[in-house]
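Here is a short report on a structure. Look at the sequence and the model first, then read on.

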Amino acid sequence: MSKQRKAVALISGGLDSMLAAQTIKNQGIHVEGINFFTGFCVEGHTHAIRKRDQQKQKRNNALWVAEQLDMPLHIIDVVEEYKDVLINPKHGYGSNMNPCLDCKGFMVKKALEWMHENDFDFIITGEVIGQRPMSQRRDTMPVIARESGAMDRLLRPLCAQSLPETLPEREGWVDRSKLHKFSGRGRKPQIALAKAFGFDDYAQPAGGCCFLTDENYSKRLVDLWQARDSRDYELDDVMLLKIGRHIRPRPHFKMIVGREEGENNFLEGYRKQFATLRTLSCPGPLVLLDGKLDEDDWALAARIAARFSKDKNGVSVTMERSNLDGVKSTMHVTPIHSEEMAEEWHI
Amino acid sequence: MSQHQLDVRNLLCPMPVIRTQNHVKTLTVGETLEITATDPGVKADIPAWCRINGHSVLDISEQGRDITIRIEVGERNQSR
């Protein structure tokens, strides 16, 4: 009796990885999913935080895909290891701060480690030739296989017929004729295959599944690094970049301004790590202050914070100032006029 | 059977799921884990993770912003 072959599938939660996994499952291979959390994954965090969005149905798409395919899923925290991928990408960045080629190589390498630790035979991904300008090109696919160390144990079921044979195909573990040769950015073949598999609900995130492909998010990350004079970060940093208004009125300090109650509640969790401002005389935002502020800076920050309060057109707004050491005091300020708010302060 | 507790308040998904997954690996079949979270996403994600991995959700309750989910470790619990 032949050995039951096992594949680990990189599952992003999108349609392509779902189709790739199902294609291989249909060939009698035991497939388990693996999903990596880098800290930059788009997981509806904004919806989870903002009060007005809390009634919207939320789901983790990778978990949802695993459930649809009736396969185990292993979610791996790679936040620490991922820093080197983002900070020192060998192949550079895409149009924003997205190190897509290095990222894919890193994930396949991590999947390879998992494959060896768990006695699996090969790795599958939902990659399609020509679908992504950086990581999913005919010339970069061998780079990923080589640099990850996966070599011919990396099978891309959706475009395998357009690529050299891999070990699972040569050994007859999978039937190459039942794999696919999708290419390009069009989605019609994937949608047709989804229909053939009976999938009528699947995630198709327009901006991909990573915040690093987002222009505004990337600007905030670059600003963070410039202000600290260090290309480093912690998970809290990258989470906070997703939340609130970010305003840098002076090079040495930044304000994170909650936009509504849900964001204010989330920012409350960071009160002990930041100096803060909040309004006392009227409803207004909670503001985190990142940097070292002198008295002039506090006055400016308070006027800006008051600008986002309910009494933004008033003469005097009472603010509670809380220093990093927890010492609190009261300030009375006139909200800054919108014309005094320089455009470049907004990150 | 022992009942264990896990506090994942102020963490956003999928961190509560990852912490739950890693904690459950240390438990044995039949033990229960009480998870306290604040991200509403856990109400969908932890039950989905349990269904995929053969664990049971015993109950879900909410008090203020805190969401408490009690799960029982199933027979498919694996060390990996």
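## Helix α6 of chain A

Helix α6 (residues 141-148) of chain A has four buried residues listed here: Met141(A), Ile144(A), Ala145(A) and Ser148(A). They lie on the same side of α6(A), because they cover an arc of only 95° around the axis. The arc is taken from the directions from the helix axis to the C-beta atoms. An α-helix has 3.6 residues a turn, so residues three or four places apart point the same way.

The buried residues of α6(A) pack against α5 (100-117) and β5 (154-155) of chain A. Gly149(A) follows α6(A), with a positive phi near 90°.

## Terms and model

This is a predicted model; local features need pLDDT of at least 70, side-chain atom pairs count only at pLDDT 80 or more, and totals for chains, interfaces and linings use all residues. Residues are numbered from 1 along each chain as its sequence is written, while chains are lettered from A and ligands numbered from 1 in the order in which they are written.

A residue is buried if 20 or more other C-beta atoms lie within 10 Å of its own, exposed if 12 or fewer, and partly exposed in between; C-beta atoms are placed from the backbone. Helices (H or I, at least four residues) and strands (E, at least two) are DSSP runs, numbered from the N terminus. Contact means C-beta atoms, placed from the backbone, within 7 Å.

## Thr318(A)

Thr318(A) sits in strand β10 (residues 317-322) of chain A. Thr318(A) counts as partly exposed because it has 16 C-beta neighbours inside 10 Å. Leaving out residues up to four places away in sequence, Thr318(A) touches Leu280(A), Ser281(A), Thr330(A) and His332(A).

Notes:
Two residues are in contact if their C-beta atoms, placed from the backbone, lie within 7 Å.
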